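Subject: Structure handover

Hi,

Here is the structure I promised to pass on. Have a look at it first, and then read my notes below.

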Amino acid sequence: MLLNRLKENISKIFSPKEQEKKISKKELISRMLLHRMVGGSSIQAISTIMKYDELDYSSVGSVSQSLSAIGALLPTVQSIPIDEKIEITAVADEIFIGNQPILITLEPISSVILAIELANDRTKATWSEHIVKIESSGKIEIIRMVTDNGTGLRSAISDKGIFWQPDTYHAIAHRLGKWVHILEQRAYKRIAIEYERKRVISSAKTQKVINQRRYKYNKARKRTIEAIEMYENFLYLYVHLLKELQPFHSNGDIRDRDRAKANIEVALELIKSLENEHINTQVKSIEKILPELLNYFEESQKAINRCKKLGIDDETLTMLTLVWQWNRAVTKAKKEERRERAKAEYLFYLEYAKDILQERYEKLKTKVFSELDNIIQASSMVENINSILRPYLDHSKNQVTQEFLNLFAYYHNHRRYNSGKRKGKTPMEMLTGKRQNRSWIELLTDFIEMVEPSFFL
């Protein structure tokens, strides 16, 4: 038995030991970056993993210092590799870490982060400086911005002469949407009280008590009817408002801006007639921005005109518009029932378009969708970036630095999407139209060696 074991291991015992491979500092830094950005690991977790592998630069201090140094080399305003100046629509908003705002501006179609920075406040002056930084390279000109009604940001946009588009979600759904749930719950509560008032009538022993309980029941029944009517009337008007915000009708025809505005005004007046003080306060806020709220209708018409110039006939354009609109409805739907209905409509028009257009479908769809995607109604892309950024901040116990934000922006702009309509593409190549042939980690380490040649020595 011992002889057999010796035979099995003799080559290992007496063979010359392989020289241990020396891992370069560049590779160690690359591992740190992959753990931090792709794995979403905390500094402490990265240190623990590297110590387990017995690697150099594995202390918490070394990991933190290395990543901070890289972030310091990166610019706050992202460098856009384009030859000629481009005009863009941008979305902007604040993300809060505790009480400290992070200002963020994006190009929404590609999702490129143009700039993300910690700020002491969100005043007009701070936002103005933020916008100036983005345009200072001379490669980007912001001609339109989609934002909420924040005072500082809106004032900065106005001063810069940038065309302002109010965020339709914040303008309508954010202000009024919650009242659908509140009024529904209030109606159910009234129904429950009514049933209870009716139940206790039968247990009364005297006519006097019966009469008292009947009076309370009738009163409760009246309140129930009022609550149900309030809920149903408000829901009808709210849904009507949301429909008027759609750039196209359900048959694919483009919606007329003046008529949509008039219908919204009527709906708001009817909502005010419901005489709910809290809802009416929100209605007044909507009325103030209503003149600018439908500005994107102009972009809708421009997009349709550009499609027609491509030689796309009206029937084909209508079909593809319906596919685009219902596909977007699937993405935006929050409730499962609404999502399933939108999905069914999307699949119907999708199959119809494919059947009619045959081999021309993919080419025409790409052209039409590319134009229609320029219709930007909301700054929801900022919320998407916030959802990506938030886990990193949670691991850091909300201790964020500008260096990390620089690193995050670079990673996001040059990494490939794994799913969704942007699958297989990086934000930067979608914005510039230039193919990115190397990974974000290769591009970043090359950048570090260019600006700081001794970094990996």
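In what kind of bond do the side chains of Glu-265 and Lys-261 meet? They meet in a salt bridge, at 2.8 Å from N to O. The term stands for a side-chain nitrogen of Lys or Arg within 4 Å of a carboxyl oxygen of Asp or Glu.

Before going on, a word on the ground rules. This is a predicted model, in which local features need pLDDT of at least 70 and side-chain atom pairs count only at pLDDT 80 or more, while totals for chains, interfaces and linings use all residues. Residues are numbered from 1 along each chain as its sequence is written, and side-chain values use heavy atoms, with hydrogens and water left out.

**Salt bridges**

Back to that pair: Glu-265 and Lys-261 both sit in helix 9 (residues 257-272), four residues apart, or about one turn of the helix. Helices here are DSSP runs of H or I with at least four residues, and strands are runs of E with at least two, numbered from the N terminus. Glu-265 is partly exposed, with a relative accessible area of 34%, and Lys-261 is partly exposed too, at 27%. For these labels, buried means under 20% relative accessible area, exposed means over 50%, and partly exposed is in between (1.4 Å probe, protein chains only).

The structure holds 25 salt bridges. In general, side chains of opposite charge can pair when their charged atoms come close. Another one to look up joins Glu-129 and Lys-133, with the closest N and O atoms 4.0 Å apart. Both of these residues belong to helix 5 (residues 124-135), again four residues apart, about one turn of the helix. Glu-129 counts as partly exposed because its relative accessibility is 48%, and Lys-133 does so at 30%.

Glu-429 and Arg-435 make a salt bridge as well, at 3.7 Å from N to O. Glu-429 is buried at 10% relative accessibility, whereas Arg-435 is exposed at 58%. There is also a network of salt bridges that links Arg-144, Glu-299, Arg-306 and Glu-371.

The twelve residues of helix 5 should span 16 Å at 1.5 Å a residue, and the end C-alpha atoms are 17 Å apart, which agrees. The expected span is 1.5 Å times one less than the number of residues.

Helix 2 (residues 25-38) passes that check as well: its 14 residues should span 20 Å, and the end C-alpha atoms are 19 Å apart. Its buried residues are Leu-28, Ile-29, Ser-30, Met-32, Leu-33, Arg-36 and Met-37. Their cover includes helix 3 (43-52), helix 4 (60-73) and helix 15 (380-395). After helix 2 comes Gly-40, whose phi is positive, near 65°.

**The nonpolar cores**

A nonpolar core is a set of buried Ala, Val, Leu, Ile, Met, Phe, Trp, Tyr and Cys residues joined through side-chain atoms within 4.5 Å. Of the 76 residues in the largest one, Ile-142, Phe-234 and Ile-279 touch the most other members. Helix 12 (residues 314-332) gives the largest share of this core, eight residues. A second, separate core of 42 residues includes Leu-28, Ile-29, Met-37 and Leu-389.

Leaving aside neighbours within four places in sequence, Ile-142 is in contact (heavy atoms within 4.5 Å) with Ile-88, Ala-90, Ile-131, Ile-134, Glu-135 and Ile-162.

**Two buried loop residues**

Phe-248 is in the loop between helix 8 (207-244) and helix 9, and it counts as buried at 1% relative accessibility. Phe-248 and Leu-322 are 74 residues apart in sequence and 8.3 Å apart in space, C-alpha to C-alpha. Asn-276 is found in the loop between helix 9 and helix 10 (277-293), and Asn-276 is buried at 9%. Not counting residues up to four places away in sequence, Asn-276 touches Trp-179, Arg-186 and Met-230.

Happy browsing!
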